Amino acid sequence: MSTESIKITLNNKDYHVPKGARLIDVCREQGFDIPSFCYYADLALQASCRMCLVRIEKMPKLQTSCTIICTDGMVVTTKSEEIEKAQRAMLEFLLANHPLDCPVCDRGGECELQEMAFDWGGLEERFTETKNYHPEKYLSPMIANDPQRCILCKRCTRVCDEWMGEDAIEAGGRGANTVIGTYGGWLDCSQCGNCIEVCPTGTLLDGTYRHQARPWELAQTISTCTYCSDGCQMSLGSRGGELMRIVARDRYVNGINGEFLCVKGRFGHPFVNHEERLRTPLIRYKKGGKLLPATWDEAIRHVARNLDTLAEKYDRNSIGVIGSPRLTNEALYTLHKFATELVGTDNYAANDAFSLSPFLENLGAPFATHHDIRHARTILLLGGEPEELQPLTGKQIRQAVRNGGASLLIVNSVPIRLIEQATQFVHIRAETLDAAVLALADAGSTETASRVMGVQDGELQALRELIELTEGDLIVMFGGELSPAAQAVVAQLPHTFGSSTRRVLLHPLPLFNNSIGAHDMGLMGGAMTASQMLSEAGKTIHGIYIAGSFFQETLSASEAALGKLDFLVVQELFETETTRFADVVLPAASFAEIDGTFTNNAGQVQRVRQSIPPVNQAKSDWMITAQLARELGVDFGFELSASAVFSEIAERVQAYAGLRYPLLKDESKPVQVKRAIVTERDLSAELNTLRNAVAAMPETHEKLWETPKVGHELFKIGTLTDKVPQFHLLAAGNPRPETVNISPLYQITVDASLRREAIGESV
Amino acid sequence: MTYIQIGPRSQPVRVQDEIGSFSPEVEAEIDRHLAKYPVMRSAILPLMFIVQRERGYLDPPGVAYLAKRLQLRITDIWEVATFYSMLHTEPIGKYHIQVCRTLSCKILGSDKITGYCADRLGIKPGETTADGRFTLSEVECLGSCGTAPMFQINFDYHENLTPQKIDQILASLP
Amino acid sequence: MFIGAIGCEPLQLARVHLENSRKLEVYKKHGGYEALARVLKSLTPDDVINEVKKSALRGRGGAGFPTGMKWSFVPKDSPKPKYVVCNADESEPGTFKDRYLMERDPHLLIEGMLIAAYALGSHIGYIYTRGEYRYLIDIMDEAIAEARAAGLLGKNVMGSAFTCEIYTHTGAGAYICGEETALLSSLEGMRGHPRMKPPFPAVSGLYGCPTVVNNVETLTAVPDIIKIGGEAYQQLGTEKSGGTKLWSVSGHVNRPGVYELPMGYDDMEKFIMEDCQGISEGKQLKAVIPGGSSVYIMSAEDIIGKDVRMDYEGLVNAGSMVGSGGFIVMDETVDVFESTKNLTEFYKHESCGWCTPCREGTDWLVKIFKRIEKGGGRPDDAKLLLDLCDNIEGKSFCPLGDAAAWPIQSAIKRFPEDFRRRLVSNSNGHSS
Ligand SMILES: Cc1cc2nc3c(=O)[nH]c(=O)nc-3n(C[C@H](O)[C@H](O)[C@H](O)COP(=O)(O)O)c2cc1C
Ligand code: SF4
Ligand code: FES
């Protein structure tokens, strides 16, 4: 949109609006209410509901304001008898075949159709004929569908296509028989549920929450998602200490993600109130014995005594401290403080295999926000699979290309789904991503790099040319396959590619909701990684204090290593493979039960807010650590307040300087932490390392030719999604049940045997 | 349960049924249609008619074939197939008798034609005979108003109909 | 059935009665491809467009938009390919002229399309034929093959530098695909939903490229315009409506058929009573729908003794429209309530379902008609019907909504008795 402004007359008053502005937006900004259903910002125009009619001088008929771009001198009326009659008529048409069953509809109370009918009032029911009938049914384990309530605004089909790139749900049939659905009536897709979110009526419904609560009974708490590193903002709906549902509906929350969430964010929450949540602290008094319930005092005392003994018997470095990258900054900071200031061990780590330290230490430009991604001109994606691992980033990329005309350049050994949107896809051999980085930074290495990657020289040349053609933002993203040297080089690419007309921004793609925070809180700076500690168990490491659990993969690789420890303390929500070896298990509170912050892959610190009281006897992770410290004789001084922890973070962690909770209050204006930008530095050491590594790369690695299935990462069962029956159906291939028609009270249940097919920790 | 990967722009789609296959002659015919357009998807309607001719209707293997051949998603096939009245996603009789019911035919007695056919075949409009030979439908204007009343059997026009003529036509069908 | 011209020499119908009229040699023997030869040899694209402008040819598909003007909207400097699409979807109830043009004289259409393509700088043409007209697609395919073999299609048409391919395409049963933007959606392999205008097809049509969509009858008029000259063609008709027009006559007349009349033919009463040989079985004329189902219905009083001239202006003055020229004649036995119900059912069946007023409105209208038919009419149903029509008209996404409303509005206005009779409250009148 240009900055030039033009004059239009709205309801007899003149306004100056930017050239190219859309009439419906302008009217709304000026406070004139324009009803609409099909119009949805940043989706393809539809102009089918015909609610947004206005009168424009010199035009023969009423016009849909959603399709009109303002022109100079335009004279518009938004309210008149004629317009109101037309708009009421459209509403009357929409209600004609609608069942008017608000009292039994899950959307009742937050339905746009219902609200419009109520706002206008005075509706006379002239439709006295028989209504068209369609049965209510399930479309998938997560998604229920009552086609009779549909007004065919097609927001659902558009988000499915434009946001998700899946096109799994579509309109079938014709005329009055048009229905939203799928071939065969079963929805095979990533189950993001965004179709539910954008549905203005009760047509598409959260199948896991059907008839469980009315919206007005729920307390809405704005918080940050606990799954991936995108950090979507969401509204937790709770009632009486129970988390009932998660939505991103814009009447409750307005975050970086708009109304977008992925399958995990939206449906992955039932672990919170799960019956298997730990009930009390547990102590195993004797190796090989049973874990027995204990009081908090007993448990804390037991841990303190044993840690003391260990430090005396071996040395301080025999104690390892590990925190999960899912925990809040507050918890990770407190753990780091505990490890370094109290225990004094060098062996602390975040339980994250992907260290971004070399990247962060060489950071040559700020992080790209998700908003930046949507408006980028060019996106360079090195490795990774954001559509499965960072779904919001995936959606932003897709929209940047489809709705914003950006070019997407992908270098990957796998033809990920996003290549559908790519301008150029450089299909390299597996494990040769470093070679691509080398060639980007050092044109002289193009030939060697191309050879090991199994691509033509010209492909990298074309890539460079497309980057050189970019005017506006270039965003460089990378997934987890880069070596430390390559990360440093990528971090410095802004100095190579930046120019007066081209801003370069960086966007790492770590896996966990607080991977970045774990780095910032210093937990990635220990002497050993979590898995190194595991292999040192019984050798140099004799005790481990872990908040969270080890990954299934790490554990099964070094079977029984945990058994060799003298002492193991685990803070957890559930009993896990790790707690099987624990001497003490401390029940921790989930993200829904605590206050705190997460730092996402855009470097934004966002609030986690308590929605329900801690389940059973659980406590916040940082509180447990602080209590342990006090038992060991040191008072961290946080009292019982997460904000006190955060204040100390703001004092001690450079990038967080000056931040306070009140500054993080508005989720629509997320705060990006101020990282030090490293000016252009000499990279010859790193480049040499890369050259040697690339020279040594075999030319035998395979390329993968098949595009991975939707959900191949998203549907992997982890500790948390294991507690959601529907995820087991997805992991089992989302089979279509015998009958999809449902009575109002029928709920999908899952065979318990499916649960045991858990495939290990995923994101 | 099998998954098929349908084209580069598609997520894999689960299909219960196999993917239909056709003789080299039919494949060649399909190629000729595809060659007409700069964009493959444009050939969807001609190809659907071919699948329908070969398989009786757009059955699941036929639909899967179309998705694969046109590099589209299964839903793309479905949304198009259900829009057009000449495409059938349910089985249909060998002979589809389509009586025009729109105004010009109507005022010249199309109701009687439909009624006569219904009596002869023992089915109501919208139904198929038990042996699967005939389906009777009432359809909208077929561009035969000057020669009303009329029906179309599959693609053949039969105009200026009378009961005697209908008897002859039905008797002549192989 | 009669096929022929009245009141003028047959122009578009000149060859329909020849033996083997579909054959290239027959076509050529009777002046076929002479116009194309002239165009390729001595006319520039702009000359062709000017000639068509002078002819005052108006689109015969229904909207009557001046063809020359439409052609001149195609951007000359666009680097994109340009397309000529022939609209042979002919689904407007009461219309069947395109069918006979294609059946009897396929090369005329090919020649017309080639001239259009030359004028527009296009190298590909598609003939979008409704799926039910399968036999016409076969006829066209055969003619196209013949023309290609004779060097009239493909590279270097008639030895000139001009290259052009023409392909047939099939619809699959959807009236809405006659609407030009829906037709393009369908030709792209999508559901046949209309698209937003602007952009108009001339600027952004098929595959986002400049595209001209013209009716069969429009395109088949072009060779004669070139042959006799735009002005001469215009003078066959009236000042604003040049040339001749085909009328598809059906219903209660003694001689239904396709009639080629000069534009401005005088007058409708004579046409019905003499040319079409009067109302069948000696009955009285009751109503005429002169331009396909979508136009206002006329009563006998609007016609008899009213000197209704048969062209765009004449019919508007008489309270209806030329539309597609689907001329449906109804005698005294017809109940206009029933005929209107019949057409409303047609529109409900054919509504594409995209926009609210048309999708829900036609469904509701049909339900009301059915209730009334079953004896459940209520005194204010006529008012309700009219109000619903008013709520659809002018608010729908494409003109199909209007087309559904107009027959009802005009029927209630011009045949109130046929409605009133059923709307008196009776004992079972309120059994909803
Ligand atoms: C609902 C609807 C149906 C139409 N059906 C046809 C049709 O069957 N054949 C046709 O030529 N034009 C039809 N039209 C008109 C076309 O939209 C378009 O105006 C025409 O093809 C342009 O060609 P012309 O300028 O040669 O008339 C229809 C329009 C509407 C709104
Ligand atoms: S008026 Fe609306 S629903 Fe009707 S055919 Fe046009 S776009 Fe479709
Ligand atoms: S919002 Fe404009 S038509 Fe729906």
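Me: How many salt bridges are there between chain C and chain A?

Reply: For that you look for a Lys or Arg side-chain nitrogen within 4 Å of an Asp or Glu carboxyl oxygen. This is a predicted model, and here the count between chain C and chain A is five. One to click on is R174(A) with E350(C), where the closest N and O atoms sit 3.2 Å apart.

Me: Which elements of chain C give two or more residues to the side that touches chain A?

Reply: They are α14 (336–350), α15 (356–376) and α16 (381–392) of chain C. α15(C) gives the most, with 10 residues. By class, that side of chain C splits into 12 nonpolar, 11 polar and 13 charged residues.

Me: What do chain C and chain A bury between them?

Reply: Buried area is what the two parts lose in accessible area on being put together, summed over both. For this pair that comes to about 2,900 Å², with 52% of it on carbon and sulfur atoms. The contact draws 36 residues from chain C and 36 from chain A. You also get 25 residue pairs in polar contact across the interface.

Me: Now inside chain A: why is helix α4 described as largely enclosed by the rest of the structure?

Reply: Go residue by residue, with buried meaning under 20% relative accessible area. In α4 (residues 155–163) of chain A, nine of the nine residues are buried, so the helix is largely enclosed. Among them are R155(A), D161(A) and W163(A).

Me: What do the buried residues of α4(A) pack against?

Reply: Their partners in chain A include α3 (112–120), β8 (170–172) and α12 (391–402). After α4(A) comes G165(A), with a positive phi near 65°.

Terms used. Residues are numbered from 1 along each chain as its sequence is written. Chains are lettered from A and ligands numbered from 1 in the order in which they are written. This is a predicted model: local features need pLDDT of at least 70, side-chain atom pairs count only at pLDDT 80 or more; totals for chains, interfaces and linings use all residues. Side-chain values use heavy atoms; hydrogens and water are left out. Contact means heavy atoms within 4.5 Å. Buried area is the accessible area (1.4 Å probe) that two parts lose on being put together, summed over both. A polar contact is a pair of N or O atoms within 3.5 Å; within protein, one must be able to donate a hydrogen and the other to accept it, and residues adjacent in sequence count only if both atoms are side-chain atoms. Helices (H or I, at least four residues) and strands (E, at least two) are DSSP runs, numbered from the N terminus. Ala, Val, Leu, Ile, Met, Phe, Trp, Tyr, Cys and Pro count as nonpolar, Asp, Glu, Lys and Arg as charged, and the others, Gly among them, as polar. Buried means under 20% relative accessible area, exposed over 50%, partly exposed in between (1.4 Å probe, protein chains only).
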